[in-house]
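Q: Could we go through this model together? I would like to begin with the overall picture and then turn to individual helices.

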Amino acid sequence: MDLEHGILHNSAKRKESWKTVLTLAYQSLGVVYGEISTSPLYVYRNTFAGDIGHSETNEEIYGVLSLVFWTLTLVPLLKYVFIVLKADDNGEGGTFALYSLLCRHAKVGLLPNCQLADEELSEYKKHTYGVAPERSFPSRLKSLLERHKVLQRILLVLALLGTCMVIGVGVLKPAISVFSAVSGLELSMSKEHHRYVEVPCACIIIIGLFALQRYGTHRVGFLFAPIVCIWLFCISAIGIYNVFYWNPHVYQALSPYYVFQFLRKTRRGGWMALGGILLCITGSEAMFAGLGHFSQLSIKIAFTSLVYPSLILAYMGQAAYFSRHHDVEQEYHFGFYVSVPEKLRWPVLVIAILAAVVGSQSIITGTFSIIRQCSALSCFPRVKVVHTSSKIHGQVYIPEINWLLMLLCLAVTIGFRDTKLMGNASGLAVVSVMLVTSCLMSVVIVICWHKNVLVAIGFVLFFGTIEVLFFSASVIKFFEGAWVPVALAFVFLTVMCVWHYGTLKKYEFDVQNKVSISWLLSLGPSLGFARVRGIGLVHTELVSGIPAIFSHFVTNLPAFHQVLVFLCIKHVPVPHVRPEERFLVGRVGPRDFRVYRCIVRYGYHDVHKDDNEFEKDLVCSIAKFIQAGSGGLNSSNDEPEKDGKMTVVGTCSSSSHPILVSEHENDVDLAETSTKSHKVVQPKKRVRFVVPESPKIDVGTMEELKDLMEAREVGLAYIIGQSYMRAKPGSSLLKKIVINFGYEFLRKNSREPSYVLSVPHASSLEVGMMYQV
């Protein structure tokens with residue numbers, strides 16, 4: 001199935017029946033909830049790791065259980081399930097989706113090539129809440145953000161910071177989950193042997209986990225939900241057993257009274273212990289980030305009916321066991337496996353390792369997805385993105401990021417070798433993402449939802465206060481492992497900011513040095529150049545005007561093709577662009593020039609097609625634009641491009657215009673096989689347009705269509721610019737470092753855009769230019 005059709009199928013499927021909702025809820029268990037479901041492995045152990053004691057009165061264990069219960073209730077259940085999930089970006093979730101949502105409701109985005117035409121996309125206007133009254137606070141806040149670039153940059157940095165912390169979770173979560181699962185071996189062997197077995201086993205599992213990423217989750221995805229279901233059933237059953245066998249009255253600890261008793265007794269130790277309690281909500285952000293694969297209702301049903309009750313029972317069961325055991329050896333104290341009946345420990349160990357792998361899998365694929373999203377919106381260097389499934393658009397694999405995450409994860413595992421240090425690091429990363437979500441969400445409530453400002457203030461004060469308390473308890477342990485996510489965030493944030501700054505400066509240079517259309521018109525009807533057969537595609541990031549690279553090209557080689565297309569491929573701040581709205585086509589100059597501008601728009605989750613399919617859609621869109629002009633849809637057909645007005649044209653498969661397209665295999669390519677004795681002839685498909693005989697098409701339009709058809713038969717040539725950036729003389733030292741070294745290093749070591757990689761080398765021509773910004 002084509003990826004584009006798969007996306008449409010998924011979006012249509014969300015208008016679901018109850019059967020579909022329940023199916024999606026079941027599937028979400030393996031993709032979304034693997035991370036939060038494995039938190040009972042390490043929460044109590046990290047909470048009681050030296051900060052507080054465990055007295056005979058059980059006040060500490062009851063207080064911790066009460067804190068865990070209310071934290072799970074207020075943050076994942078109340079904040080995410082009932083509030084944040086409603087702030088989806090046309091079905092997509094995550095920190096960057098909130099930023100994208102704000103960019104559409106207010107002009108706060110810093111993407112350089114935005115157009116008014118983008119706001120006419122159906123996905124752009126989807127789920128709008130109307131226009132706020134002119135003098136209302138939402139309107140004034142929107143105007144304030146639109147006027148001040150500083151506030152816009154703060155919003156962007158905030159979104160990027162949340163993204164960096166998600167990447168940090170992608171490093172730390174597999175380490176702590178797998179290490180905690182493997183730690184069950186400590187009950188089955190001596191301390192001396194355990195130290196030499198635990199770390200190697202964890203490293204082998206981590207290497208295997210990352211090595212399997214290249215095959216995609218759809219190959220083994222059908223196993224994920226059953227594994228998590230078995231794990232949740234297992235921990236809830238053990239929890240029920242421990243409650244009835246050891247302490248049936250432990251349910252009383254769910255009262256918030258025990259929270260105040262705990263904090264009053266432990267004081268600073270209890271505050272420090274919040275860093276361990278925080279780990280019970282790791283994976284809450286995955287509910288929002290995984291929204292693109294499922295629906296709000298399915299995620300809510302899965303969490304409220306199965307995940308939440310199972311986790312509460314698991315924590316109650318552990319607390320019940322610990323409340324009756326005060327003489328356990330300190331090495332094993334408060335470990336998950338201590339509360340598991342001895343006969344079940346080995347089966348539970350196996351299930352726990354599998355659940356840890358599934359939980360790690362979800363955060364790794366989530367990291368791939370958010371990096372791809374940032375890269376599409378010019379906030380991360382271009383990387384290789386492999387789509388591992390032709391049916392599910394969100395399943396991607398990024399080799400460079402995968403191996404980098406693996407190395408960092410192994411370094412954390414080998415370097416720390418302690419769940420306490422890993423927990424400190426993971427906790428700070430998790431709560432930082434939540435704080436960013438709360439800040440962005442408060443702005444969304446005002447600008448996008450048009451709610452009273454008191455609602456936004458109440459939201460950020462209530463949930464922000466809880467998260468700030470957890471953040472303070474985590475950051476105080478900076479030198480005990482919490483420095484890791486800070487260091488990772490600093491590195492990734494620097495890379496993102498340098499890349500985004502360099503991209504903006506490059507675009508500003510293009511805009512300032514573009515050639516006016518009047519220059520083209522001054523050349524006369526013949527344009528003053530020799531015209532050769534075929535179609536010339538000039539790749540540019542400009543959405544108006546003629547790029548300087550073209551004038552540089554014709555200055556050195558005064559000839560170009562009989563049909564010239566200025567091609568701009570850009571991403572817009574929506575998840576998907578419908579195929580029928582993919583292309584914007586217009587003329588540059590009069591009809592006789594045969595010069596066109598074509599802007600191809602993709603959402604940040606859309607897939608760029610291969611060269612043959614893309615060429616077919618591109619030429620087909622120009623042909624439909626020409627034909628539509630003859631039917632009166634473009635009244636100024638013979639006039640040069642004005643005011644950036646262009647015509648929306650869909651792909652070949654999405655339009656009802658009678659442009660006939662046929663494919664044939666009469667052209668061949670010769671490709672040598674590995675054995676040099678013979679050559680294999682491989683047919684190459686070519687697209688042919690058949691101009692329909694219709695009385696509605698005038699003579700000029702017919703000639704234009706025939707010229708386009710003949711040029712396509714000759715072939716396409718790609719004119720691609722290669723830019724080298726340098727800071728202007730007299731620039732500050734910081735700017736010189738950022739542009740001359742930082743951005744240029746990233747540019748040389750990042751991949752070319754996807755459309756450049758798919759261009760046949762025999763048909764491409766590179767034109768180099770030096771940019772001084």
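This is a predicted model: local features need pLDDT of at least 70, side-chain atom pairs count only at pLDDT 80 or more; totals for chains, interfaces and linings use all residues.

Q: How many helices and strands does the protein chain have?
A: The protein chain has 25 helices and 11 strands.

Q: And what share of its residues count as buried?
A: Of the 773 residues in the protein chain, 57% count as buried.

Q: What about contacts between residues at least 24 apart in sequence?
A: Among contacts between residues at least 6 apart in sequence, 83% join residues at least 24 apart.

Q: Moving to helix packing, at what angle do the axes of H2 and H14 cross?
A: The axes of helix H2 (residues 18-31) and helix H14 (residues 296-323) cross at roughly 65 degrees and come within 8 Å. The crossing of H2 past H14 is right-handed.

Q: Which residues make that contact?
A: H2 contributes Trp18, Val21, Leu22, Leu24, Ala25, Ser28 and Leu29. From H14 come Leu297, Ser298, Ile301, Ala302, Leu306 and Val307.

Q: How many of them are nonpolar, polar or charged?
A: The residues of the contact between H2 and H14 comprise 11 nonpolar, 2 polar and no charged.

Q: Next, serine 177. Where is it placed, and is it buried or exposed?
A: Serine 177 lies in helix H8 (residues 149-182). Its relative accessible area is 0%, under the 20% limit, so serine 177 is buried.

Q: What does serine 177 touch?
A: Leaving aside residues up to four places away in sequence, serine 177 touches Thr38, Leu41, Tyr42, Ala356 and Ser360.

Q: And leucine 354, which helix is that in?
A: Leucine 354 is in helix H15 (residues 345-376). Leucine 354 counts as partly exposed because its relative accessibility is 42%, a value between the 20% and 50% cut-offs.

Q: How far apart are the C-alpha atoms of leucine 354 and alanine 181?
A: They are separated by 8.8 Å, although the two residues are 173 residues apart along the chain.

Q: Where does H24 bend?
A: H24 bends at tyrosine 743, by about 25 degrees. Tyr743 is also one of the buried residues of H24.

Q: Which others are buried there, and what covers them?
A: Lys735, Val738, Ile739, Asn740, Glu744, Leu746 and Arg747 are buried in H24 as well. The cover over the buried residues of H24 includes helix H19 (483-512) and strand E10 (716-726).

Notes. Residues are numbered from 1 along each chain as its sequence is written. Side-chain values use heavy atoms; hydrogens and water are left out. The bend at a residue is the angle between axes fitted to the seven residues ending there and the seven starting there. Helices (H or I, at least four residues) and strands (E, at least two) are DSSP runs, numbered from the N terminus. Buried means under 20% relative accessible area, exposed over 50%, partly exposed in between (1.4 Å probe, protein chains only). Contact means heavy atoms within 4.5 Å. Axes are lines fitted to C-alpha atoms, for helices over the stretch in contact, and angles run from 0 to 180 degrees between N-to-C directions. A crossing is left-handed if the near helix is turned anticlockwise from the far one by less than a right angle, and right-handed if clockwise. Ala, Val, Leu, Ile, Met, Phe, Trp, Tyr, Cys and Pro count as nonpolar, Asp, Glu, Lys and Arg as charged, and the others, Gly among them, as polar.
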